[in-house]
Amino acid sequence: MSAVAVPVRSLPTLQKLRSKVDRNLDAQAVAKEWFLAFADAVNSRNYITVASLFVEDAFWRDMLALTWDFHTYEGRDTIQQFVADQFPKFEPSAFRIRNDLTRLHLPYDDIICIQAFFDFETTVGNASGIFRLVPLADGSWKAHTVFTNLEDLRGFPERIGALRDHEPYHKRWIESREREREFLDEEPGVVIIGGGQSGLTVAARLKALGINALVVERNRRIGDNWRNRYAALCVHDTVPRACYHWGNLDCLRFPSLWPVYPPAPKLGDWLETYAHSLELNVWTSSEVVSVEPGTQGKKWSVKVVRNDGRERVFQVNHVVFALGFGSGLPNIPNIPCQAEFKGQILHSSQHKRATDHLGKKVVVIGACTSAHDICADYVDHGVDVTMVQRSSTYVMSAKEGIPRLTGGLYLENGPPTDLADRINASFPNFLLKLVHQRVAKDLAEVDRDILDGLRKVGFKLNMGEDDSGPVQLIWQRGGGYYFDVGASQKIIDGKIKLKSNGSIARFTPDGLLFEDGSTLDAEVVIFATGYADGRTAYLQLLPNHLHDAVQPLWGLDDEGELHTVAREIGGRGPQATKVAGLWAMLGNLAMCRFHSKHVALQIKAYEEGVFGERY
């Protein structure tokens, strides 16, 4: 696709559009009129007319439905070219608007749009969509955003609900299940490396599509990746009063009586229950030690070593790397003279509980989520702890911030989870950044007392990338923020001591020396400094000649899409074919719930020979 000039980004305010709207208008009638014109133009292959139904700075985000990839197209001219290139290949048809879901949406006094859902079909599957119309000065309405998403492959529906097995089971279930889990009678179709939420959700989705997967987990039990973290860990990125909406996994919902922020061991137990209840084939206390090009007609040869030393090599076409953010490999800054320090040095991934260090002076290097959690736990147990802040942090209250960031989608009175996930995905990230600049400003006002208190004690704050709050930090860095659940007040009150001036020069036998000459005594130093590049663990399993083909695993590309997540690890790189069939899946619970189906659909499409060409 050739380069097309991108308009300057701005929100579609009424002032910009020079428009006024009667808020009592018939939104369904307006949406239906636009949609009929859109469907007619598509059916007649009049792509100039299709483009004319969009405002100049419109967005179209597609997830697999029309591109076999994740793309965001920006600007009317770019959208026209995309439509002209791809619609003849996918032949979208059978457009149906969902009138019951059409709404007039007023996120701000100066922004009004009509949001509507639709379904359609292509040559390869069933798809869904969401469009948002904005009013123009002449009284007409045009599309500002369109989102399209592949839902199912034609002829290969998920075997759930009415399509599940209806035959009575007269076999010996226990013995049969054990043979299936051990793969004594057949080889797996896919090997999944990692048994956290990423790996388990992909396995469940594949099972629903009739593909048998083996999940290989190095820990002793499913859920240990949560249980083995520090004792004070709880889920932060959920939604007040609706954790079970935000955190639901595929096929199995969280209990509605769960707490808003479940502790890590509780979540670990839930993942174990999930794997058991869905009869996923999991090998625990096992490790994938190599992924090599296949030799027996399959793309990949995967060597697995079990805890008793047994080895097994599987020949498969697909391997899913589900190793978590940073693949669990700690990022420890290279601060000189660590060997001189007489105390204990840990990374946050090695830290367990505050009671391990009663009566000692503890220093925590870092000022984001893990650092706050660990410091607060130490204070609660009477341990002398100092937080060393090396760079500024974005802070917001979880109670006020998360509902605003998600637009109320995952609150108790919000839409059903499947609709909420699609609405959430329908906003292009670069557009969302503009919205979040407003949200961050509102939050700073709501959180004024906490933020002012932090500034007074010297805590360094920022407003996120271009004052857009935490979401861009999450997409670009996977960190740099703290959703406050109480630790900020402990810093303000001096219960968590703070050192935020001066860079660390080196360790001393008794603690840390800073470049300004100041010192900090310590008996325990904990690095709460995040995790390494996620590719590191991937490269350890792959032969050297494939390393250059592996693309970045996080951060946003030029279109605002996450690099590689839920796609093959070669991405759009020049050597992508070398690592075809190797997939990356990572993210929080909501991301895994939504994108695990994307991974499964792509793998199923490959296996059935219906996968087309990535655009």
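The legends below accompany several close-up views of one predicted model.

Residues are numbered from 1 along each chain as its sequence is written. Because this is a predicted model, local features need pLDDT of at least 70 and side-chain atom pairs count only at pLDDT 80 or more, while totals for chains, interfaces and linings use all residues, and side-chain values use heavy atoms, with hydrogens and water left out.

**View 1**
A nonpolar core is a set of buried Ala, Val, Leu, Ile, Met, Phe, Trp, Tyr and Cys residues joined through side-chain atoms within 4.5 Å, where buried means under 20% relative accessible area, exposed means over 50%, and partly exposed lies in between (1.4 Å probe, protein chains only). The largest such core holds 146 residues, and W60, F131 and I192 are the ones with the most contacts inside it. If contact is taken as heavy atoms within 4.5 Å, and neighbours within four places in sequence are left aside, F131 touches A31, W34, F35, I97, I114, Q115, A116, F118, T145 and V146. Another core, of 26 residues, lies apart from the largest one and includes L541, L546, I569 and L582. In soluble globular proteins, nonpolar side chains tend to be buried together.

**View 1. A salt bridge between D69 and R567.**
A salt bridge is counted when a side-chain nitrogen of Lys or Arg is within 4 Å of a carboxyl oxygen of Asp or Glu, and the structure holds 40 of them. In this view the side chains of D69 and R567 meet in one, at 3.2 Å from N to O. The pair links distant parts of the chain, 498 residues apart, with D69 in the loop between β1 (54-63) and β2 (70-74) and R567 in the loop between α17 (535-541) and β24 (582-584); here helices (H or I, at least four residues) and strands (E, at least two) are DSSP runs, numbered from the N terminus. Both D69 and R567 are buried.

**View 2. E151 and R422, a strand and a helix tied together.**
The closest N and O atoms of the salt bridge between E151 and R422 are 2.8 Å apart. E151 belongs to strand β6 (residues 141-153) and R422 to helix α12 (residues 417-425), so this pair ties together parts that are 271 residues apart in sequence. E151 is buried, at a relative accessible area of 12%, and R422 is buried too, at 16%. Leaving aside neighbours within four places in sequence, R422 is in contact with S128, I130, F147, N149, E151 and F594.

**View 3. R614 and E568.**
A salt bridge of 3.0 Å, N to O, joins the side chains of R614 and E568. R614 sits in the segment after α18 (589-608), whereas E568 sits in the loop between α17 and β24, and the two are 46 residues apart. With a relative accessible area of 22%, R614 is partly exposed, whereas E568 is buried, with 9%. Elsewhere, salt bridges that share partners join R221, D224, R227, D269 and E272 into one network.

**View 4. An open sheet of 3 strands.**
The strands of this open sheet follow the order β20-β21-β22, with antiparallel pairing, and two strands are said to pair if DSSP finds at least two bridges between them. β20 (504-508) and β22 (519-521) stand at the edges with a single partner strand each, so one side of each has no neighbour in the sheet. Strand β21 (residues 511-514) is joined to β22 by 3 bridges, and the bridge partner of L513 in β22 is T519.

**View 5. Helix α11 and what covers it.**
In helix α11 (residues 398-405), the residues A398, G401, I402, P403 and L405 are buried. The elements covering these buried residues include β17 (394-397), α13 (429-446), α15 (471-477) and β18 (481-484). Just after α11, G407 takes a positive phi of about 65 degrees.

G534 is placed in the loop between β23 (524-527) and α17, where G534 is buried, at 11% relative accessible area. The C-alpha atoms of G534 and L553 are separated by 6.5 Å, although these residues are 19 residues apart along the chain.
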